[in-house]
Amino acid sequence: TIAQLAPLDPLVVHKRPVLLAPEMPHGRFPKPVRKAAILLSVLSIPQQLRHRRQPRLDPDLAVVCYAATLARVGSVVDTCSDWFARATIVNIDHHATNSHFGAVNIVDEQAAATCQVVAELLPLLDVDLDREIATALLTGLDRDSYGFSTSSTTPRTLLAAAAAVAAGAPIEAIFRATLHELPIRTMELWARLLVGMKTAFS
């Protein structure tokens with residue numbers, strides 16, 4: 001269980017947590033998720049640490065999500081190396097390649113998505129699942145599992161998704177935005193590729 005992976009005290013006792021995620025996360029996300037609602041809402045975190053800018057807060061707690069290594073966070077790791085050296089890093093992820101770089105590592109390789117890890121973490125932190133958090137979590141669950149079609153999708157994944165839907169996550173809009181709709185530039189690229197495509201029999 002998530003509770004067995006790592007002590008959760010740092011997530012509770014620290015007062016000035018900062019959320020970080022990879023500089024270029026894959027996938028397309030609807031507007032609520034682009035606002036980084038996943039943990040910003042959950043932990044009442046101040047303004048997200050912005051890339052290439054010196055953090056305004058004194059080093060306290062750095063919550064890093066969806067990054068197999070600290071370097072995946074981006075250039076801010078180098079430009080603010082002293083800040084990171086003094087901060088307590090909590091590493092939340094689901095990738096088997098995770099290097100366990102944090103002082104606390106909540107890494108569940110059996111989870112289908114990092115959002116599944118977060119979803120299972122919330123009850124342990126006594127956080128109620130509201131619509132905004134549920135929308136962010138369901139988007140991550142859906143996108144990382146490619147519509148719940150990967151081999152890592154388990155009953156635990158579906159239970160987390162069901163809880164998000166029950167809390168008001170708009171499942172139809174999320175599936176449309178993450179799996180079916182494409183940005184105009186992507187469609188233009190596909191059009192150029194398809195025009196010149198030939199089958200092996202032509």
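Analyst: The protein has 11 helices and four strands. Those words have cut-offs: helices (H or I, at least four residues) and strands (E, at least two) are DSSP runs, numbered from the N terminus. This is a predicted model, in which local features need pLDDT of at least 70 and side-chain atom pairs count only at pLDDT 80 or more, while totals for chains, interfaces and linings use all residues. Residues are numbered from 1 along each chain as its sequence is written, and side-chain values use heavy atoms, with hydrogens and water left out.

Two more terms come up a lot. Buried means under 20% relative accessible area, exposed means over 50%, and partly exposed is in between (1.4 Å probe, protein chains only). Contact means heavy atoms within 4.5 Å. Of the protein's 202 residues, 44% count as buried. Among contacts with a separation of 6 or more, 73% come from residues 24 or more positions apart.

Now to α8, which spans residues 131-144. Two packed helices are described by the angle between their axes and the distance between the axes. Here α7 and α8 pack at an angle of about 145°, and their axes are 7 Å apart. The axes are lines fitted to C-alpha atoms, for helices over the stretch in contact, and angles run from 0 to 180 degrees between N-to-C directions. The crossing is left-handed, a label used if the near helix is turned anticlockwise from the far one by less than a right angle (right-handed if clockwise).

Who touches whom? On the α7 side the contact is made by Thr114, Cys115, Gln116, Val118 and Ala119, and on the α8 side by Ala136, Leu137, Gly140, Leu141 and Asp144. By class, that contact has six nonpolar, three polar and one charged residues. In this scheme Ala, Val, Leu, Ile, Met, Phe, Trp, Tyr, Cys and Pro count as nonpolar, Asp, Glu, Lys and Arg as charged, and the others, Gly among them, as polar.

A search of the whole structure finds zero disulfides, a disulfide being a pair of cysteine sulfur atoms within 2.5 Å. For Cys115, the nearest cysteine sulfur is that of Cys65, 8.1 Å away. Cys115 is buried, at a relative accessible area of 9%, and Cys65 also counts as buried, at 10%.

Most residues other than glycine have a negative phi.

On the other end, Thr153 lies in the loop between α8 and α9 (155-166). Thr153 is buried, with a relative accessible area of 19%. Apart from neighbours within four places in sequence, Thr153 is in contact with Ala112, Ser145, Phe148 and Leu158.

In helix α10 (residues 171-180), Ile174, Ala177 and Thr178 are buried. Looking down the axis of α10, these buried residues fall within an arc of 85°, so they line one face of the helix. That arc is the one of the directions from the helix axis to the C-beta atoms. The buried residues of α10 pack against α8, while the face turned away from the buried side carries the exposed Glu172 and His180.
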